[in-house]
Amino acid sequence: EPGMIESEWYIDVLGGQVWYKIVGSSGSVPLLTLHGGPGGGHDYLESLEELASERPVVFFDQLGCGKSDKPDNSSLWRIDRFVDEVTLVRDALGLERVHLLGQSWGGWLAIEYMLGKPAGVVSLVLASTSASIPQFVKEARKLIAELPGEMPECVRRLEAEGDFNNPEFETAIMEFYKRHFCRLDPWPESLMRSVENLGGNIVYETMNGPTEFTVIGNLKDWDRTERLGEIVAPTLITCGRYDELTPACSETLHEGITDSKMHVFEHSAHMAHLEETETYIQLVRQFFRDLE
């Protein structure tokens, strides 16, 4: 039965075990998904299970979140360890040929992974992501400046004071998220689970920082714009018109990756696979079919 979990279990990685599940079985080349956050867990990507009608779809919770181990060891929260984790997951599951989809932070992880020239990546989907964190932060700042009334000033002031729990700040953040994170009302239950995973998540705080756009963690200078030409896999780049990782971020990816195409979802923010699920699934399904 499509949509049936074929298997779920644990894989050993540096620092603990990560949980995975495979939905669907036979058919074409498997899809391996890399979730966002860091620390968001796979939950909000569950709408991609629809692709399991013709191929296995593999989800896993990266170390430090969801159903995976959550070790108290800050030295583990580095992009290169997460890259090694992707390699270990592929090896453990025998994913010799694979489509790779990275959403948001998962896209940064996918780019970093691809720069290591892994074998057997049939294609790459970069969903709502960027080639550079400085570019993303610059773009997000423009979106904050467009928030209504006193909100932009309020964000600037309270951020400078480090007063992230101030109710005024939280109101402005919610407005930002409603516009640029997910425009569905209410947010889908799968997304709420991922948001809960991020509450007080040490991985997110270490690598990102206190909010989506206050990137003061160890990722803050990450920028692979100059190296995008090294990515040779056929690449589909997607984003939402209102995305916190703006279409300009996707354009940079599109310009840098030779064999790439780009699609903007006109009614979506950062979660096109949830906000316009049917169209999203159709696009990705066709992209994989054309390559096979």
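1. A friendly start with two helices: helix 3 and helix 8 cross in a right-handed way (right-handed if the near helix is turned clockwise from the far one by less than a right angle, left-handed if anticlockwise). The contact brings Q135, F136 and E139 of helix 3 to A248, C249 and T252 of helix 8, where contact means heavy atoms within 4.5 Å. Three of these residues are nonpolar, two are polar and one is charged. In this scheme Ala, Val, Leu, Ile, Met, Phe, Trp, Tyr, Cys and Pro count as nonpolar, Asp, Glu, Lys and Arg as charged, and the others, Gly among them, as polar.

2. Some ground rules for reading on. This is a predicted model, in which local features need pLDDT of at least 70, side-chain atom pairs count only at pLDDT 80 or more, and totals for chains, interfaces and linings use all residues. Residues are numbered from 1 along each chain as its sequence is written, and side-chain values use heavy atoms, with hydrogens and water left out.

3. How do the axes of helix 3 and helix 8 cross? Helix 3 spans residues 133-145 and helix 8 spans residues 247-256; their axes come within 9 Å and cross at roughly 155 degrees. That makes helix 3 roughly antiparallel to helix 8. Angles under 35 degrees count as roughly parallel, over 145 as roughly antiparallel, 65 to 115 as roughly perpendicular and the rest as oblique. The axes are lines fitted to C-alpha atoms, for helices over the stretch in contact, and angles run from 0 to 180 degrees between N-to-C directions. Helices (H or I, at least four residues) and strands (E, at least two) are DSSP runs, numbered from the N terminus.

4. Next, look at helix 4 (residues 151-160) and helix 5, whose axes come within 9 Å and cross at roughly 125 degrees. Helix 4 and helix 5 are therefore oblique to each other, and their crossing is left-handed. On the helix 4 side the contact uses M151, C154, V155, R157, L158 and E159, and on the helix 5 side E168, F169, T171, A172 and E175. By class, this contact has six nonpolar, one polar and four charged residues.

5. From helix 1, I79, F82, V83, V86, T87 and R90 meet W105, W108, L109, E112 and Y113 of helix 2. Eight residues of this contact are nonpolar, one is polar and two are charged.

6. On a 1 Å grid over the protein atoms alone, a cavity is a set of points where a 1.4 Å probe fits but cannot get out, and a pocket is an open set with protein on both sides within 12 Å along at least five of seven lines; lining residues have an atom within 4 Å of a point. Grid points are joined across faces, edges and corners, and a volume is the space filled by probe spheres set on the points. How many cavities of 30 Å³ or more are there? The count is two.

7. The largest cavity has a volume of about 180 Å³. Its lining has 21 residues, with G36, G37, S104, F181 and E212 nearest the centre. Helix 6 gives the most to this lining, with four residues. By class, the lining has 11 nonpolar, eight polar and two charged residues.

8. The peptide bond from G37 to P38 is cis, with omega near -5 degrees, and P38 sits in the loop between strand 3 (31-34) and strand 4 (57-60). S104 has a positive phi of about 60 degrees although it is not a glycine; S104 is in the loop between strand 5 (98-103) and helix 2.

9. The second largest cavity has a volume of about 40 Å³. Among the residues that line it are Q103, H270, H273 and Y280. Its lining has five nonpolar, five polar and no charged residues.

10. Lastly, the largest pocket holds about 480 Å³ of space. Of its 20 lining residues, I173, Y177, Y204, P210 and T211 lie nearest the centre. Helix 5 supplies the largest share of this lining, five residues.
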